[in-house]
Amino acid sequence: MRAGFPDFRLGNVLATSFTGTLSERHGDAVERIPTPHRLIDWLAVNGLAVDSCTTAQLDLARELRESIHAAATAAAIQDALPASAVQVINDRSAQGRAAAILTPEGKRRWRLSSASCVEDALSVIAADAISIIAGERDGKLALCASPTCQAAFFDTSQSRTRKWCDMNTCGNRQKKARFHANQRKNPRSAE
């Protein structure tokens with residue numbers, strides 16, 4: 001990982017983890033892929049290693065990220081999907097040359113074209129977004145309860161009642177705030 005950049009928020013769902021490369025959208029936004037090299041890092045961490053990335057490809061990636069966020073948010077609140085977001089997701093999905101492969105351990109991995117270009121990796125992310133937004137996977141799209149975050153995430157908990165995109169960040173921050181508020185109301189309870 002390159003020093004000087006915020007850590008990646010990694011989840012179990014590729015598409016919503018990708019939207020997490022811009023966090024705190026309703027507060028002090030944190031851009032986690034500010035440079036082409038940082039996108040290369042994120043893709044590598046997620047099994048989609050590419051050889052290089054241009055500024056134009058970074059722009060394509062960010063456009064896909066925002067389109068997935070818009071469509072996933074709409075799906076989570078059961079609103080109509082934005083046509084422009086759907087178009088971008090479909091275009092990115094169709095433009096790549098990635099193939100699903102089965103590993104000897106029985107896992108699915110992605111093989112990018114021999115040139116390992118960013119567009120191939122983006123097609124994998126777009127295809128993943130399509131599968132969750134279309135409801136093909138077991139789980140439901142939800143929005144983070146943090147007022148400064150409100151990220152779309154894919155809830156695979158048994159009860160489908162998860163409130164936070166990431167318990168270690170948004171959930172922990174809210175629990176701390178609630179604890180400190182209770183301490184101020186009841187100062188004697190800390191003794």
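**Exercise 1. Asp128 and its contacts**

Task: In this predicted model, which residues does Asp128 touch, not counting residues up to four places away in sequence?

Solution. 
- The contacts of Asp128 are Val13, Leu14, Ala15 and Arg137, once residues up to four places away in sequence are left out.
- Asp128 belongs to helix α5.
- Its relative accessibility is 9%. The cut-off for buried is under 20%, so Asp128 counts as buried.
- Follow Arg137 onward. Its charged end sits over the ring of Phe154, 5.7 Å from the ring centre.

**Exercise 2. The aromatic pair**

Task: How many aromatic pairs does a search of the whole structure find? Which parts does the pairing tie together?

Solution. 
- The search finds 1 aromatic pair.
- The partners are Phe18 and Trp42, with ring centres 5.0 Å apart and planes at 50°.
- Stacked needs under 30 degrees and edge-to-face over 60. The pair is tilted.
- Phe18 lies in helix α1 (residues 14–19) and Trp42 in helix α2 (residues 36–45), so the pair links parts 24 residues apart in sequence.
- Both Phe18 and Trp42 are buried.

**Exercise 3. The span of α3**

Task: What span should the 22 residues of helix α3 have, and how far apart are its end C-alpha atoms?

Solution. 
- Helix α3 covers residues 55–76.
- At 1.5 Å a residue, α3 should span 32 Å.
- The end C-alpha atoms are 31 Å apart, which agrees.
- α3 is followed by Gln78, whose phi is positive, near 60°.

**Exercise 4. α3 against α5**

Task: At roughly what angle do the axes of α3 and α5 cross, and which residues meet?

Solution. 
- The axes of α3 and helix α5 (residues 118–133) come within 11 Å and cross at roughly 0°.
- The two helices are therefore roughly parallel.
- From α3, Gln57, Leu60, Ala61, Leu64, Ile68, Ala71, Ala72 and Ala75 take part.
- They meet Val118, Glu119, Leu122, Ile125, Ala126, Ala129 and Ile133 of α5.
- Residues three or four places apart in an α-helix point the same way, because there are 3.6 residues a turn.
- The buried residues of α3 include Gln57, Leu58, Ala61, Leu64 and Ile68.

**Exercise 5. The whole chain**

Task: How many helices and strands does the protein chain have, and what pattern does it follow?

Solution. 
- Count 6 helices and 6 strands.
- Along the sequence the pattern is α-β-β-α-α-α-β-β-α-β-β-α.
- Of the 191 residues, 40% count as buried.
- Among contacts between residues at least 6 apart in sequence, 55% join residues at least 24 apart.

Notes: Residues are numbered from 1 along each chain as its sequence is written. This is a predicted model: local features need pLDDT of at least 70, side-chain atom pairs count only at pLDDT 80 or more; totals for chains, interfaces and linings use all residues. Side-chain values use heavy atoms; hydrogens and water are left out. Rings of Phe, Tyr and Trp (its six-membered ring) pair if their centres lie within 6.5 Å; planes under 30 degrees apart count as stacked, over 60 as edge-to-face and the rest as tilted. Helices (H or I, at least four residues) and strands (E, at least two) are DSSP runs, numbered from the N terminus. Buried means under 20% relative accessible area, exposed over 50%, partly exposed in between (1.4 Å probe, protein chains only). A charge sits over a ring if NZ of Lys or CZ of Arg is within 6 Å of the ring centre and within 35 degrees of the ring normal. The expected span of a helix is 1.5 Å times one less than its number of residues. Axes are lines fitted to C-alpha atoms, for helices over the stretch in contact, and angles run from 0 to 180 degrees between N-to-C directions. Angles under 35 degrees count as roughly parallel, over 145 as roughly antiparallel, 65 to 115 as roughly perpendicular and the rest as oblique. Contact means heavy atoms within 4.5 Å.
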